[in-house]
Amino acid sequence: MIEVRPAQHRGIARFDWLFSRHTFSFGNYYDPKQSGFSDLLVINEDIVQAGKGFDTHRHRDMEIFTYVIDGALEHKDSMGTGSIIEVGDVQLMTAGTGVAHSEFNHSPTELVHFLQIWLVPNKKSVQPRYQQRHFSRADKQGQLRLLMSPDGDAEALAVYQDVRVYAGCFGDGEQAQLTLADDRYAYVHVVQGSLTVNGTALNAGDGARIRNESQIDLQQGHNAEVLVFDLRPQEQPGR
């Protein structure tokens, strides 16, 4: 079963320096029917003005990862990490016992466009940690590339949860399949472009909850870029 979350139905946050779309309830946007999916709690699509960003703020007991679509994002945190996250980079921050960080548009002239995604961890009060890795377009073209997993296999980032996250890019004639174990859920988020997921057409910003399916078929891509989450079979995050 596929349940589509249309892009235009997402929540909106608009400030002079930020435009954000919220797939799930976040901040001042609340919809009891959109309170995450399994351990996937937040998908925010953010566009930040040049030189602007999120001042230092704290997180605890959350797996937070950033996926840059266009531009470059500057990150600093209380672990002493300072980094620039660019297109193709995946950053994963384990908040654990508590971490403070800031995120700013690295450019004085251009916008930065990125996804920030939160996963509920299966371990609390762990030591905070920071990981960042680059996955080239070629790594993802015409296939699903593993970005993160519980044990960090295949050069993926290691995440504190029973989840596997993939990214793929698909053009004309390219397709991929992902087999799901019994009783697993999945979530697909279309980053850019369009494609079909098990025959259902999705466009940029659309998402899809997937239940009771043994396989995900990605086809008919047009400049498509997607994230696919292989998740535990539960309805509410972390419960």
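Modeller: Gladly. Two strands pair if DSSP finds at least two bridges between them. Keep in mind that this is a predicted model.

Biologist: What makes β17 and β18 a pair of strands?

Modeller: Strand β17 (residues 185-197) and strand β18 (residues 200-203) are joined by 4 bridges. The cut-off is at least two bridges, so they count as paired. They run antiparallel, and one of the residues involved is Ser 194, whose bridge partner in β18 is Asn 203.

Biologist: What lies between β17 and β18?

Modeller: There are 2 residues between them, and the two strands form a hairpin. In its turn, Asn 198 has a positive phi of about 50 degrees.

Biologist: Why is Asp 162 called partly exposed?

Modeller: Its relative accessibility is 35%. Buried means under 20% and exposed over 50%, so Asp 162 falls in between. Asp 162 sits in the loop between β14 (157-158) and β15 (164-170).

Biologist: How do you know that Asp 162 and Arg 184 make a polar contact?

Modeller: Their side chains are joined at 3.0 Å, and the limit for such a pair of N or O atoms is 3.5 Å, so the contact qualifies. Asp 162 also touches Asn 122, Pro 150, Asp 230, Leu 231 and Arg 232.

Biologist: And what is the volume of the largest pocket?

Modeller: About 310 Å³. Of its 19 lining residues, the closest to the centre are Leu 18, His 22, Phe 26, Asn 44 and Phe 54. The lining divides into 9 nonpolar, 8 polar and 2 charged residues.

Notes
Residues numbered from 1 in each chain as written. Predicted model: local features only at pLDDT ≥ 70, side-chain atom pairs only at ≥ 80, totals over all residues. Heavy atoms only, no water. 1 Å grid on protein atoms, 1.4 Å probe; cavity = no way out; pocket = protein on both sides within 12 Å on 5 of 7 lines; lining within 4 Å. Points joined across faces, edges and corners; volume = space filled by probe spheres on them. Nonpolar A, V, L, I, M, F, W, Y, C, P; charged D, E, K, R; others polar. Buried < 20%, exposed > 50% of the residue type's maximum accessible area, 1.4 Å probe, protein only. Contact = heavy atoms within 4.5 Å. Polar contact = N/O pair within 3.5 Å; in protein donor to acceptor, adjacent residues only side chain to side chain. Lists of a residue's contacts leave out its neighbours within four places in sequence.
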